[in-house]
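Please read them with the structure open.

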Amino acid sequence: MTSPQQLPPVPDPVHRVDLVMEGGGVKGIALAGALEVLEERGYTVNRVAGSSAGSLAGALATAGIPARTIVEILRATDYRRFEDGPWWTRWLPGKALSILLHNGIHRGTYVMDWLEEQLDTHGAPGRTGTFADLRYVDPDPDHHPEGSARFRLVVTASDLTAGRLRHLPTDAEAFGTTPERLRVVETVRASTSIPLFFRPVRWKNAAGRPAVLVDGGLLSNFPVSVFDRTDGEPPRWPTFGIKLSARPDADFGVRNRIRGPLSFGKAMVDTVTGFYDRMHIDSSHSVARTIFIDTAAVRPTEFDLSDADRELLYRKGRTAAIDFLDGKEGQPAWDFAAYTARFRTGTAGTGEDPRG
């Protein structure tokens, strides 16, 4: 395997950046490739928001794990172990029965155990495992973030019972708990609960009634505006989106052959996790700050990922990040000053970016 392209040093070695990362199942390796390039260019991850694979990669990044280590972790992972359903779910009738009985094929227990192990092994020492570890401290002592901006990690999950998107840990009180008691791996488990493939997560809401949570991508797979300022003031640093699909003017998604109920359900999930938030991406300010990684060749639920596909995803993530930063034909290089002048001229209606 060839070594990754080495990038030249930059004059300013440290740049603060917030990230919003799209979900996409096993495609998370591409996110790691993009993170690695940003780290090589001197960018320091400030906060991360994401759903599904984006929340998983975000949990690793905000735990203080270097991007190169995240790449190694995700490349070495045996994703087939994520398919932790009963033995009888190996066959089609068993899968159908599990969906009928449990609303999903796989338990999803291994996802939590795996993530907990990675955080314990590679994360910062002294962690509690809750969002108390991830409270955001702004570099300006006079700035007091509110809402989702109060934490370094924001995980989205779709609350089917309430029919709304949840931002965790911000919405912890809706489930009768606090961020200090909410475990990171539990929120990631909810966010990665791809409908039909994983059993939904069942919590209790504040009233003690059942709450059913699934993949955040069902309602917002790319929460690009979560860290945006709404006061009309210019951002102090950028928010980059990392999206696991082609640019809006390209052909999104993967063709799905629908032959029956199961293939219909699979096609629905692939479509939802592929580009559910296109309505947000179609806006020019979102396009200007987003790294688009064309991962259409790999399906989100392709757990038996080959070594060649792992390498493909990783390379595509790196290439997309390099093209975004340096520019290419038809795409200018990233320029924060130019971006701010164009989209953050004091008009709050643009809903723009980062974290000021």
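1. Asp-159 touches Arg-164, Arg-166, Phe-175, Ala-211, Val-212 and Leu-213, leaving aside residues up to four places away in sequence. Contact here means heavy atoms within 4.5 Å. The model is a predicted one: local features need pLDDT of at least 70, side-chain atom pairs count only at pLDDT 80 or more, and totals for chains, interfaces and linings use all residues. Residues are numbered from 1 along each chain as its sequence is written, and side-chain values use heavy atoms, with hydrogens and water left out.

2. Asp-159 belongs to strand 4 (residues 153–159). Helices (H or I, at least four residues) and strands (E, at least two) are DSSP runs, numbered from the N terminus. With a relative accessible area of 3%, Asp-159 is buried. Buried means under 20% relative accessible area, exposed over 50%, and partly exposed in between (1.4 Å probe, protein chains only).

3. Which polar partners does the side chain of Asp-159 have in Arg-166 and Thr-161? The side chains of Asp-159 and Arg-166 are joined by a polar contact of 3.0 Å. A polar atom of the Asp-159 side chain also lies 3.1 Å from the backbone nitrogen of Thr-161. A polar contact is a pair of N or O atoms within 3.5 Å; within protein, one must be able to donate a hydrogen and the other to accept it, and residues adjacent in sequence count only if both atoms are side-chain atoms.

4. Strand 9 (residues 239–243) has five of its five residues buried, so the rest of the structure largely encloses it. Thr-239, Gly-241 and Lys-243 are buried on one side, and Phe-240 and Ile-242 are buried on the other.

5. Strand 9 pairs in the parallel sense with strand 1 (residues 15–21) over four bridges, and also with strand 10 (residues 290–292) over three bridges, again parallel. Two strands pair if DSSP finds at least two bridges between them. Gly-241 is the bridge partner of Val-20, while Lys-243 has Phe-292 of strand 10 as its bridge partner.

6. Helix 6 (residues 184–191) is mostly covered, with seven of its eight residues buried. Among them are Val-184, Val-188, Arg-189 and Ser-191.

7. For the protein as a whole, there are twelve helices and ten strands. Buried residues make up 54% of the 356 residues. Of the contacts between residues at least 6 apart in sequence, 76% join residues at least 24 apart.
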